[in-house]
Amino acid sequence: MTKRAHVPKDLQSYYDDWRMSPGLEADGFLFLTGFTGAGTDGTMPEDTEMQIRQAFAKVGLVLREAGLSFDSIVEMTTYHVGLRDHLETFKKVRAELVAEPYPAWTAIEVAGFVTEDAIVEIRAIARRNQPD
């Protein structure tokens, strides 16, 4: 099996400091690390929607680095602190990015994240188009 890391310039610290690939491709699948809404400078916005948008922006960075798009996502798992408090906002932002056929999605309530004040983390699996 051949594996290839996809590391956007803005996320190089994930690879260097944390020793993890923002995206790792294997056999046509791209496995994305979970991303919170922290800015690339590590600051966490207080605004719920901004956190959600920034988390999705990181997912988009990795997808583009791999030559893919949100349409390539086949599965998404999201982790939430206060899920019921921001689910509708999350669904609204997500709906701007995913299209039919929609990826599978599981949303899980958690107690917290490494990054203080984070309310969401998004991880996803994407797939390259394969010949039928």
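A polar contact is a pair of N or O atoms within 3.5 Å, where one atom must be able to donate a hydrogen and the other to accept it within protein. The legends below describe close-up views of a predicted model.

**View 1. The side chains of H6 and E25 form a polar contact.** The two side chains are joined at 2.7 Å. H6 is found in strand β1, which covers residues 3-6. H6 counts as buried because its relative accessible area is 2%, and the limit for buried is under 20%. Leaving aside neighbours within four places in sequence, H6 is in contact with P22, G23, E25, L30, V62, E65, A66 and R128.

**View 2. The largest nonpolar core of the model has 23 residues.** Those with the most contacts inside the core are L30, F56, V59, L63, I73 and I122. Two or more core residues come from each of β3 (29-32), α2 (48-65), β4 (73-80), α3 (83-97) and β6 (120-127). Helix α2 gives the largest share, six residues.

**View 3. The surroundings of L30 include H6 and residues V62 and L63.** Residues up to four places away in sequence are not counted here. L30 is among the residues with the most contacts inside the largest nonpolar core.

**View 4. Helix α2 has 18 residues.** From its first C-alpha to its last, α2 reaches 26 Å, close to the 26 Å expected at 1.5 Å a residue. At the start of the helix, a side-chain oxygen of D47 reaches to within 3.3 Å of the backbone nitrogen of E49. The buried residues of α2 are Q51, I52, A55, F56, K58, V59, G60, V62 and L63. Of these, F56, V59 and L63 are listed among the residues with the most contacts inside the largest nonpolar core. G67 follows α2 and has a positive phi, near 75°.

**View 5. Strand β4 pairs with β5 and with β6.** The pairing of β4 with β5 (residues 104-109) is parallel and has six bridges. Within it, Y79 has I108 of β5 as its bridge partner. β4 and β6 run antiparallel and are joined by seven bridges. In that pair, the bridge partner of H80 is V120 of β6. β4, α3 and β5 together make a right-handed β-α-β unit.

**View 6. E121 lies in strand β6.** With a relative accessible area of 22%, E121 is classed as partly exposed. Not counting residues up to four places away in sequence, E121 touches G34, F35, T36, T77, T78, Y79 and F113. The C-alpha atoms of E121 and I52 are separated by 8.4 Å, although the two residues are 69 residues apart along the chain. I52 is one of the buried residues of α2.

Notes. Residues are numbered from 1 along each chain as its sequence is written. This is a predicted model: local features need pLDDT of at least 70, side-chain atom pairs count only at pLDDT 80 or more; totals for chains, interfaces and linings use all residues. Side-chain values use heavy atoms; hydrogens and water are left out. A nonpolar core is a set of buried Ala, Val, Leu, Ile, Met, Phe, Trp, Tyr and Cys residues joined through side-chain atoms within 4.5 Å. Buried means under 20% relative accessible area, exposed over 50%, partly exposed in between (1.4 Å probe, protein chains only). Helices (H or I, at least four residues) and strands (E, at least two) are DSSP runs, numbered from the N terminus. Contact means heavy atoms within 4.5 Å. Two strands pair if DSSP finds at least two bridges between them. A crossover is right-handed if, with the strands pointing away from the viewer, the path from the first strand over the helix to the second runs clockwise. The expected span of a helix is 1.5 Å times one less than its number of residues.
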